[in-house]
Amino acid sequence: RQAKAAEAEARMGRGTAARGAKANGPPARRARSAGPQGGVPVRPSTEKEDSGPCTRTNFDKRTSRFQHREEFMLTIQETKFASKVPNGILPPSAVHIFVRKRPLFGYEEKRGEFDVVKVDAAKGRTVIHNCLMHPDMQRMHIQHSSYPSTCAFPETVQNRHVYENTAQPLIQRVTQDQGAVALLLMYGQTGSGKTFTMTAIEENLAKD
């Protein structure tokens, strides 16, 4: 009897260990799709769902803006953006911010780019007309954003005017006040005109 009891306990122990291993082990992988009986996986079809001719063409937002170029340009011209964006005033600070807009390059106009930046020199702000497309890629809308600055220069302003309003007061301060220090930094993406403007400032500084 003792031998049979020990054998039974050994069997129960092995069964418990086996069930514990199954419970703690990784779950069995299941087929993502099964047949009517639930036991045969369905193989993915190698045929295309739609083998007919393509009737739709998807465009990215940039291409859609190019396609609706005339509508966007007309809306920007007719929009009284001054009443749609806040004036914005920079807080008093020793740091002054100047913005200069460059004109469109010839290759940009040939590519279909259009002007979406307006400079309000009287109020020292720059307005960006962000031409956007709704998710359906058919309805258009424009988001107007205003950025205040100490002074904003349109693309028609000459280099001398930019120098007289930016670097010249700093040079006068440094040369007249002993120990005064001035710093002029130029920020902008590639092709925005940083080198062009800085070179003109240095040339006008040499003349003075």
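Begin by selecting helix α6, whose buried residues are covered by elements that include β1 and α5; cover here means contact, that is, heavy atoms within 4.5 Å, and buried means under 20% relative accessible area, with exposed over 50% and partly exposed in between (1.4 Å probe, protein chains only). Helices (H or I, at least four residues) and strands (E, at least two) are DSSP runs, numbered from the N terminus. The model is a predicted one, in which local features need pLDDT of at least 70 and side-chain atom pairs count only at pLDDT 80 or more, while totals for chains, interfaces and linings use all residues. Residues are numbered from 1 along each chain as its sequence is written, and side-chain values use heavy atoms, with hydrogens and water left out.

Stay with α6 and colour Thr 197, Ala 200, Ile 201 and Asn 204, which are its buried residues. Viewed down the helix axis, these buried residues fall within an arc of 100 degrees, so they line one face of α6; the arc is taken from the directions from the helix axis to the C-beta atoms. On the face turned away from that buried side, pick out the exposed residues Thr 195 and Ala 206.

Next, step to Gly 193, in the loop between α5 (159–176) and α6 (194–207).

Now select Phe 72 and Phe 114, an aromatic pair that is stacked, with 6.2 Å centre to centre and 15 degrees between the planes. Rings of Phe, Tyr and Trp (its six-membered ring) pair if their centres lie within 6.5 Å, and planes under 30 degrees apart count as stacked, over 60 as edge-to-face and the rest as tilted. Because Phe 72 lies in helix α3 and Phe 114 in the loop between α4 (106–110) and β2 (117–120), the pair ties together parts that are 42 residues apart in sequence. Both Phe 72 and Phe 114 are buried.

A second stacked pair is found at Phe 98 and Phe 153, whose ring centres are 6.4 Å apart and whose planes are at 15 degrees. Phe 98 belongs to strand β1 (residues 98–100) and Phe 153 to strand β5 (residues 151–153), 55 residues apart. At 29% relative accessibility Phe 98 counts as partly exposed, whereas Phe 153, at 2%, counts as buried.
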